[in-house]
Structure formats: structure tokens, C-alpha cells
Amino acid sequence: MVILSKQTSFFNGVPLIDLSKPDSKNLIVNACEEFGFFKIINHDVPMEFISKLESEAIKFFSSPLSEKLKAGPADPFGYGNKQIGTNGDFGWVEHILVSTNSEFNYQKFASILGVNPENIRAAVNDYVSAVKKMSCDILEMLAEGLKIHQTDVFSKLLMDENSDSVFRVNHYPPCSEIEGLNDNNNNDLIGFGEHTDPQIISVLRSNNTSGLQILLKDGHWISVPPDEHSFFVNVGDSLQVMTNGRFKSVKHRVLANSVKSRLSMIYFGGPPLSEKIAPLASLMEGEDSSLYNEFTWFEYKKSAYKTRLADNRLILFEKIAAS
């Protein structure tokens with residue numbers, strides 16, 4: 001077991017990484033090994049980009065449901081309401097999902113009263129460009145911290161013009177039904193059920209409404225206090241495989257709030273569909289020490305979309321230990 005550095009700071013139980021500090025790369029490695037999750041401060045994403053996108057998102061989600069439905073159904077891109085995926089998962093959430101490549105058609109939003117698709121496109125592009133750069137910087141710091149000679153081994157997958165990255169905005173309306181659950185000593189109504197993210201890295205920013213929880217190694221859920229000025233980073237399944245299990249993709253969920261709405265923006269950094277995902281040779285002790293069979297991102301993505309939200313998607317790709 002890795003012992004976290006004495007220099008590691010914590011934010012209510014979550015590793016806090018100051019990107020301006022010279023030792024941050026080693027602290028990020030420690031956080032990925034022990035938590036698969038960390039908070040970052042002193043990033044270089046302009047608050048102007050964050051505020052502009054949040055304003056456009058609020059404008060959209062404040063529209064009547066009949067208007068928002070014009071941007072759906074999600075295919076998987078566009079507007080979705082309560083349904084998560086196609087395998088029976090539901091939550092107290094509505095969302096917009098867009099591809100980060102230039103081919104995405106924002107005209108889905110053109111017929112919605114009071115919503116300008118070009119304003120949404122510009123806000124998403126500015127925000128995603130900045131967050132993508134920050135994500136690549138973090139991935140290169142990780143490679144350095146792991147003493148990998150090729151420091152762009154992770155980041156090049158996001159920078160590739162065929163990178164299959166997506167961007168999602170989730171809106172969790174206030175849920176008055178929670179109040180009625182108190183009589184049963186249960187006030188946990190799921191906004192978004194427990195799951196891991198299949199991509200390489202996920203970078204989340206939310207408004208100041210609580211709800212996000214992560215699962216610790218000891219099986220306990222802890223709440224992550226919101227901070228609208230900072231970002232939270234998840235290790236994804238693909239990064240877990242590439243590090244041969246050294247980093248763990250973190251299981252997380254969102255609980256609904258009875259009073260306040262929650263708005264979160266998540267950049268999911270993914271590789272090209274044809275990219276082969278396998279443990280890096282430099283992180284294995286020998287050829288036979290790989291914990292996973294090689295697969296392409298397309299194969300894993302196709303497999304993941306056939307599962308329920310809480311399923312362990314990686315189990316199908318784990319090597320069976322020799323008896």
C-alpha cells in the first residue's frame with residue numbers, strides 16, 4: 001500500500017492538489033493510487049469561460065420541458081431527461097451531451113425559444129479547449145511522476161484529432177420528494193447512480209450545490225463538498241488498465257438535493273476509437289504481469305454501453321489468473 005506524502009493536503013477527506021507547486025506531480029500520482037480522485041486549485045482555466053458556459057446552461061435548463069425536448073432524444077448526443085443509458089438506469093437528472101469534435105451539430109438547439117445555438121457552441125468550445133489543455137497537462141505530470149520516458153503517452157490520446165472525447169452538462173433540479181423520505185430515515189434519493197467512467201480521465205466542475213460522493217477503498221461513501229472555483233479529477237477505466245491497475249477508476253454517484261439545483265460540467269477525455277488499450281510495458285514487472293487483455297477503445301465502449309450503470313465493466317477484460 002502506498003503511503004500518502006506528508007505534504008499531501010486534503011479537502012474534507014479528498015486530496016487537494018495545487019498545480020502551481022513543484023511537487024504536484026508526485027502528489028497527483030499518490031492521489032490516483034489511493035483515491036482515483038482529487039481536487040485541483042490554481043488551474044489556468046479562465047473563470048470567464050466557466051461563467052459563460054454556466055449562464056448558457058442555466059438558460060437552456062430553465063426552458064419549459066416541451067422546448068428542451070426539441071433538442072432530444074439523446075442519440076446519444078443531445079438532450080436527455082431522467083433516463084441514463086439504454087439499459088434501465090434512471091436518475092433525478094437532465095443533461096446535454098455533445099461530442100467535442102467540430103462535426104457536432106448544434107442546430108439541435110435552434111428551435112428552442114430564447115436559446116442561441118451559436119452561443120452554446122462558442123461557450124462549449126472555449127470551455128472544453130481550456131479544460132482539455134489542463135487535462136493534458138495533468139496527464140503529462142502523471143507520466144513524469146510515474147517516471148515514464150514518453151511524457152505524452154496519455155495526453156497524446158486526447159490531443160489526437162480522432163480523440164473520442166465528450167462533454168456533458170448535468171442538471172439536478174431540486175427534489176421535494178426527499179422530504180417525504182425522512183420518515184423512513186432515508187433521505188438519499190439518487191440523482192445519478194454509482195458508476196465509474198470508462199474513458200482515460202474525467203474533469204468535473206459544479207456550482208456550489210452538494211451531492212457528489214466517492215467510494216473509498218474501505219467501502220465507505222464520502223461526500224465531496226462543492227467548490228465552484230475548482231475542478232475535480234476522476235481516474236477512468238482506461239487509465240486504470242494503462243497503469244496495470246496501479247491507478248484505480250473511482251466509483252462515484254450524485255445524490256439529489258431537496259432545496260437547491262445542482263449544475264455540473266464534465267469533460268470526458270477519451271482515446272481514438274481504434275486505439276489499443278493495454279498496460280504500458282514500462283509499468284509491468286514482466287510480459288506475464290499484465291492484469292488485462294488488450295482491447296480497442298471501440299470494443300470497450302461498445303461493451304460498456306451494454307451494461308448497467310453500477311456494473312464492473314472491466315471484469316470482462318481482466319486476465320484470469322493461472323491456477
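Predicted model: local features only at pLDDT ≥ 70, side-chain atom pairs only at ≥ 80, totals over all residues.
User: Is helix α1 mostly covered or mostly uncovered, and how many of its residues are buried?
Analyst: Helix α1 spans residues 24-34. Its buried residues include L27, I28, V29 and A31.

User: Which residue in the turn between β4 and β5 has a positive phi?
Analyst: Strand β4 (residues 78-84) runs antiparallel to β5, and 6 bridges join them. The two strands form a hairpin with 4 residues between them. In that turn, the residue with a positive phi, about 75°, is G85.

User: Which residue of β6 does H95 stand opposite?
Analyst: H95 belongs to β5 and stands opposite G80. Strand β5 (residues 89-99) has 9 of its 11 residues buried. It is also joined by 6 bridges to β6 (residues 166-172), and these two strands run antiparallel. In β6, the residue opposite H95 is N170.

User: Why does D164 count as buried?
Analyst: D164 lies in the loop between α5 (155-159) and β6. Buried means a relative accessible area under 20%. D164 counts as buried because its relative accessible area is 15%.

User: With which side chain does the side chain of D164 make a polar contact?
Analyst: Beyond its neighbours within four places in sequence, D164 is in contact with G270, P271, P272, L273, W297 and K301. The polar contact of its side chain, at 2.7 Å, is with the side chain of K301.

User: Is F154 buried or exposed?
Analyst: F154 lies in the loop between α4 and α5. Not counting residues up to four places away in sequence, it touches L139, A143, L146, I148, L239, M242, T243 and L280. Its relative accessibility is 0%, so F154 counts as buried.

User: What distance separates the C-alpha atoms of F154 and G270?
Analyst: G270 is among the residues in contact with D164. Along the chain, F154 and G270 are 116 residues apart. Their C-alpha atoms are separated by 9.9 Å.

Conventions: Residues numbered from 1 in each chain as written. Heavy atoms only, no water. Buried < 20%, exposed > 50% of the residue type's maximum accessible area, 1.4 Å probe, protein only. Pairing = 2+ DSSP bridges. Polar contact = N/O pair within 3.5 Å; in protein donor to acceptor, adjacent residues only side chain to side chain. Contact = heavy atoms within 4.5 Å.
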